[in-house]
Amino acid sequence: MSDWIDVCVTDDIEEEDVIRFDHGTRSYAIYHSPEGEFFATDGLCTHEQVHLADGLVMDHIIECPKHNGQFNYKTGQATRLPACNHLGTYPVRIVDGHIQIQLSE
Amino acid sequence: MTSTTTDIPPRDYRLSEQNAQQAFERGLASADWYHTDVDRKAMKALMKRSDGPAIRDTAIWIGLLFASGAGVVALWGSWWVLPVMLIYGVLYGSACDARWHECGHGTAFKTAWMNDAVYQFASFLVMRNPVTWRWSHARHHTDTVIVGRDAEIAVMRPPDLLKVILNFVGIFDVWYSLKALLLNAGGVFQEHEESFVPSAERSKAITAARVHVVIYAATLASAFAIGSWLPLALIGGPRLYGCWHMLMTGLLQHGGLADNVTDHRLNSRTVLMNPVSRFIYWNMNYHVEHHMFPMVPFHALPELHDLIKHDLPAANPSIWHGYREMVPAFLRQLRNEDYYVRRALPPTAKPYREDLHEI
């Protein structure tokens, strides 16, 4: 079973930026791409469990603020060491200007 | 400036499983570190990448390196070669460290291949395996000056001052570096390397070490073949006679300050320096700022310093001032290894983070 969860309104995230979204015991990162699309991944770097929302978004890359590991936030793929393991990604939709992500229970 | 002592068990700097477990139990390993609050918009502007400053500085660095290297060749055999070797040596044996460091973080250039190319070149000059040292430095940022976790603690307690002094001409450092490269080239990893280099990365480390060893062997062979020290004065040798600036600036990063804490304001030092040293060192004199926000490129560190200095101990105003603080601390640590320099915070700063390290 999966649910669509309200995150925030689209204006809350600047283009080419990211915010942190905590839900239950998990943390997620929600991205606004330069093309105006929204994406969601796990919120913590797979290398040392640092919040990615404090990092830098460059095009479709999120760079971890602690060790500069990089991921493609559209696919979750780790693209620069020391990040080796990929991030989980989550479906995103926009409903009446609200960003929603789909989380599995 | 005040100083203090704490009741800490005798230090064991080996990166063993037992020491790692102790560091985790004390909340010191992979900890959540103190950060000064910075507005997200301001931080995004500071983190923004560009190629321009690093291309300019790298062009100057490589240009001066090759020009002075040509000068060494041209003047070899005359006393006039000595001042030219001084310049070439520092550009080779000291400036390489800052380029290795900044390009290893991937922040110097915006373009990834430029970071990678300069990183590989600088790794060779500084005699570091580019694979193992990338992981070593990641650990240094995770567990900065945490005993039993950080492999890059330059001066352990009690300080071995003879070793520190001899390292100004690279004696121990080069020996350990060459030993590590030779071991890696033979497929052997030391205990500390095994603790932070993932298994999947080791074949790359072996290949890199073999490339370095082959170049050094060829340099040595050419010196024998032509019966001259010149090849060694150009390749490898500057890591000895030119590393003094790297040591001079590098010791100030953490020397004489606290260990086993989770607040970079307690274990790192920002020192204001002359423009030449800042060029050679690529602004790593802003060391508290760098550790707190490693995403900020070297060229934006002065601006970051201005933004957060209200929350940091006052920067040392010169290299000399830094040494006047650090050297007496080393001397006191000979008698009491728990001693460290604890600098006063300005009234505008949040208090030092004390909750974890006093467990």
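In chain A, strand S6 (residues 61-63) and strand S7 (residues 70-72) run antiparallel and are joined by 3 bridges, and the bridge partner of Glu63(A) in S7(A) is Gln70(A). This is a predicted model, in which local features need pLDDT of at least 70 and side-chain atom pairs count only at pLDDT 80 or more, while totals for chains, interfaces and linings use all residues. Residues are numbered from 1 along each chain as its sequence is written, and chains are lettered from A and ligands numbered from 1 in the order in which they are written.

The two strands belong to an open sheet of 4 strands in chain A, with the order S5-S6-S7-S8 and antiparallel pairing (strands pair if DSSP finds at least two bridges between them; strands are DSSP runs of E with at least two residues, helices runs of H or I with at least four, numbered from the N terminus). Its edges are strand S5 (56-58) and strand S8 (78-80) of chain A, each of which pairs on one side only.

In chain B, helix H5 (residues 95-105) is mostly covered, with 11 of its 11 residues buried, that is, with 20 or more other C-beta atoms, placed from the backbone, within 10 Å of their own. Among these buried residues are Trp100(B) and His101(B), and the cover includes helix H3 (52-75) and helix H6 (112-125) of chain B. After H5(B) comes Gly106(B), whose phi is positive, near 80 degrees.

Between the chains, 14 residues of chain B are in contact with 13 residues of chain A, contact meaning C-beta atoms, placed from the backbone, within 7 Å. Helix H7 (residues 132-142) of chain B supplies the largest share of chain B's side, 5 residues.

Terms used:
Contact = placed C-beta atoms within 7 Å. Buried ≥ 20, exposed ≤ 12 C-beta atoms within 10 Å, placed from the backbone.
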